Amino acid sequence: MNKEEKFNNIVDENAERIMRICRYYNPNTEDQKDMYQEVLINIWKSLDNFRGESKISTWVYRIAINTSLSFTGKSFKQMKMMVSRDIQNMHVLLDDDLQNKIEFENNFEKLQTELNLLSVIDKAMISLVIEELSTREISNIIGITESNVRVKIHRLKEQLRNSLLKNDRVNHSTLNNSYEK
């Protein structure tokens, strides 16, 4: 198989993954398209250097995340992580009871806000968790040990859970106080 055939296979198998990563890191549709094209260019340029030490999808995620971070340039600290309401994998961040509660009370914006308060590396890690990558794959992409990935993911989930529960208590308290008046 020549380089062009390999490239086309990689794109065919990973197009939706790449687009989701681009959507996570940029709300603007035109910028997402530009970022997507940039990811494809970087895959093409790096294809000869792929040694097969990880799965192709892991390698593609690494390129997509690094390209997304580079694409946002100096503004990456203010970068917003954009998660779609219809995303199927949000359960990996939140337990089912809290997930149902958030959906029931339509608190998606709060989750979005909490995600955007995270550091750049934490946003990247959360985007990979949402994609349901293994800790090994996340470790390879982010460049930290698997045990560190597990600890960081656990802490991030706890942080999100606690923030959302705290926000929920504040809202109920405010709501109760307004009914008492």
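Begin with the protein chain in cartoon view and follow it from the N terminus, where the elements run α-α-α-α-α-α-α-α. In this predicted model, the protein chain has eight helices and zero strands.

Next, colour the chain by confidence, for which the average pLDDT is 80, with 72% of the residues scoring at least 70. Select residues 29–46 to see helix α2, where confidence is highest at a mean of 94, and then move to residues 96–105, helix α4, where confidence is lowest among the elements at a mean of 58.

Now select residues 172–181, over which pLDDT stays under 50 and for which the model has one contact beyond four places in sequence. Where pLDDT is low, the predicted coordinates should not be read in detail.

Showing side chains here, you will find that the buried residues of α5 are Phe108, Lys110, Leu111, Gln112, Glu114, Leu115 and Asn116.

Finally, step back to the whole protein chain and show its surface, whose accessible area comes to about 10600 Å², with 48% of that belonging to carbon and sulfur atoms. Of the 181 residues of the protein chain, 42% count as buried. If you display contacts with a separation of 6 or more, 70% of those in the protein chain are accounted for by residues 24 or more positions apart.

Methods
Residues numbered from 1 in each chain as written. Heavy atoms only, no water. pLDDT = per-residue confidence, 0-100. Helix = DSSP H or I, 4+ residues; strand = E, 2+ residues; numbered from the N terminus. Contact = heavy atoms within 4.5 Å. Buried < 20%, exposed > 50% of the residue type's maximum accessible area, 1.4 Å probe, protein only. Areas by Shrake-Rupley, 256 points an atom, 1.4 Å probe, with all protein chains shown as cover.
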